[in-house]
Amino acid sequence: MRRGVFEMMSAGDRIRLLVVTCVTLFMAMLDNLVIGVALPSIQTSFNAGMSDLQWFMNAYTLAFAVLLIPFSALGERFGRKRMFLIGVVLFTLGSLASALSDSSLLLTLSRALQGVGAAAIMPISLTLVNGAFPPEKRAAAIGIWSGVSGLGLSVGPLVGGAIIEGAPWQAIFWINVPIGVLAVLFGMRWLKESKGERKPIDPLGITLLGAGLFGLVFGMVRGNDEGWGAFSVWGPIAGGVLLLIAFYGWERTRKQPFVQFKHFRERNYSAYLSAGFWLNAGIFGAIFLLTLFLQQAQGYSALGAGVREMVWTACTMVAAPLAGLLVGRFGSKRVLLFGLFLQLVGLIGIALVIIREGAIFPFGYIVPLMMAAGAGMGFSFTPLSHGLLSSVEEKAAGEASGLSNTARELGGVFGIAIGGLVFASGSAIATPNDFGDHLVPALFVFAAMIALGFLSVAFFVRNDRSKTAAVEAKGDAEKGTLSGAELRG
């Protein structure tokens with residue numbers, strides 16, 4: 001029987017792997033949103049138009065969303081360590097090129113290169129962590145990984161605001177370069193190579209999948225700016241759907257498909273993928289509009305808004321590792337339901353405060369609600385990842401990680417697009433209270449999205465506590481057998 005990677009690693013090896021993967025992951029996730037607060041400075045520097053500003057954000061998102069699954073598959077075939085480090089190199093080069101950019105086009109291309117690197121870092125880092133720890137310790141390790149991922153996404157505006165306050169915009173990219181170099185050097189020394197299921201390279205399948213995802217994301221990120229009735233919006237979305245259908249048909253004819261659709265027959269697998277989509281749709285759409293609310297309605301600076309959002313993100317950082325411990329006791333399903341419920345309470349509560357008080361009120365009124373939503377994120381990310389990976393055999397962990405991250409990325413893009421559509425409907429926004437009136441229905445829509453994720457888990461996920469206990473018991477038994485063998489030796 002082939003030994004698991006974790007059986008060949010010491011506790012020190014695992015800690016060093018966790019440090020390298022989490023630091024690199026934080027860097028990649030930070031750059032999802034960190035550029036947002038720097039856009040006014042970049043606009044002035046390049047005399048850029050609104051279309052250019054959108055592409056500075058969307059180039060990263062498009063490359064990231066489209067390549068998550070292909071990089072996961074390449075990591076399984078050619079080595080997870082190798083592909084992870086290639087991703088770090090590409091991300092670092094993209095950061096360097098972004099800092100040196102002297103035109104809008106060059107910055108857009110550099111941001112796309114960052115997205116390519118992040119598409120390798122995000123899913124493969126999770127696969128590395130999952131494979132490095134024994135079953136009874138995986139939930140706790142994934143909890144740390146999830147906390148770092150959520151923290152990187154959430155503090156992007158704060159870090160960007162702090163840097164922009166005292167440095168040129170290029171500094172938000174320069175800071176990645178030494179971190180990336182150190183991550184490559186330490187990763188080459190500390191990470192151990194591992195592989196998953198070796199599938200033959202499928203150029204047509206990769207092309208169909210990548211083009212289909214590109215069409216979906218490209219159409220959704222442009223919908224609110226160009227109008228959802230414009231051919232430049234619905235055309236790419238419709239084309240993306242057709243290409244994904246063609247991808248499904250092509251994969252069904254292959255003996256070793258690029259994506260194993262048989263996994264979708266497993267209820268837990270499909271339900272966790274669905275929950276991830278709706279979770280990101282609701283929560284990241286809400287974060288996007290609440291950040292604007294704090295600045296444009298309540299009058300805080302970018303840095304001031306970022307500092308106040310730390311109420312949210314600090315709770316995420318604390319709750320995610322704690323969730324890893326709770327998963328071992330109560331199972332992924334129960335912890336995830338609790339996390340989703342807290343987010344529902346937070347978003348609905350904030351909407352009710354705005355209905356009652358208007359847009360101008362002391363920030364303390366929503367602090368408990370932001371804490372609930374932030375803790376809910378932490379209690380959701382960990383069981384979501386752990387539950388999904390536990391629903392497939394270890395050799396398919398890379399594919400599951402890629403699909404999970406793709407579903408969640410698509411969910412985030414979908415949530416921001418639909419939430420923006422709801423927010424922009426109705427009369428013009430001329431006052432802070434107008435902003436609040438537009439925000440309330442959007443918050444209820446985001447809450448409904450999270451509720452769909454809640455229902456997916458509640459009705460379709462089998463309680464996995466017994467499975468977790470069995471895994472732990474098996475691990476203990478194997479340890480006992482090994483100890484007995486050592487004594488006999």
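Predicted model: local features only at pLDDT ≥ 70, side-chain atom pairs only at ≥ 80, totals over all residues.
1. Salt bridges as a whole. The count of salt bridges in the model comes to 6.

2. Arg-254 and Asp-202. A salt bridge joins the side chains of Arg-254 and Asp-202, at 3.4 Å from N to O. The two residues are 52 residues apart and link distant parts of the chain. Arg-254 belongs to the loop between helix H11 (231-251) and helix H12 (267-297), whereas Asp-202 belongs to the loop between helix H9 (176-190) and helix H10 (203-226). Arg-254, at 22% relative accessibility, counts as partly exposed.

3. Glu-266 and Arg-462. The side chains of Glu-266 and Arg-462 also meet in a salt bridge, with an N to O distance of 3.5 Å. Glu-266 is placed in the loop between H11 and H12, and Arg-462 in the loop between helix H17 (432-460) and helix H18 (465-488), so this pair ties together parts that are 196 residues apart in sequence. Glu-266 is partly exposed, its relative accessible area being 29%. Arg-462 likewise counts as partly exposed, at 43% relative accessibility.

4. Glu-357 and Arg-356. In the salt bridge between Glu-357 and Arg-356, the closest N and O atoms are 2.9 Å apart. Arg-356 has a relative accessible area of 60%, and it therefore counts as exposed, for which the value must be over 50%. Glu-357, with a relative accessible area of 33%, is partly exposed.

5. Thr-291 and Glu-309. The side chains of Thr-291 and Glu-309 are joined by a polar contact of 2.3 Å. Thr-291 is located in helix H12. With a relative accessible area of 13%, Thr-291 is buried.

6. A positive surface patch. Arg-252, Lys-262, Arg-265 and Lys-395 form a positive surface patch. One of these residues, Arg-252, is found in the loop between H11 and H12. Arg-252 counts as exposed, at 56% relative accessibility.

7. The loop between H11 and H12. The loop holds Arg-254, the partner of Asp-202, and Glu-266, which pairs with Arg-462.

How values were computed:
Residues numbered from 1 in each chain as written. Heavy atoms only, no water. Salt bridge = Lys/Arg side-chain N within 4 Å of Asp/Glu carboxyl O. Helix = DSSP H or I, 4+ residues; strand = E, 2+ residues; numbered from the N terminus. Buried < 20%, exposed > 50% of the residue type's maximum accessible area, 1.4 Å probe, protein only. Polar contact = N/O pair within 3.5 Å; in protein donor to acceptor, adjacent residues only side chain to side chain. Patch = residues over 30% accessible without salt bridge, like charges linked within 9 Å, V, L, I, M, F, W, Y side chains within 5 Å. Areas by Shrake-Rupley, 256 points an atom, 1.4 Å probe, with all protein chains shown as cover. Lys, Arg positive; Asp, Glu negative; His and termini not counted. Charge placed at Lys NZ, Arg CZ, Asp CG, Glu CD.
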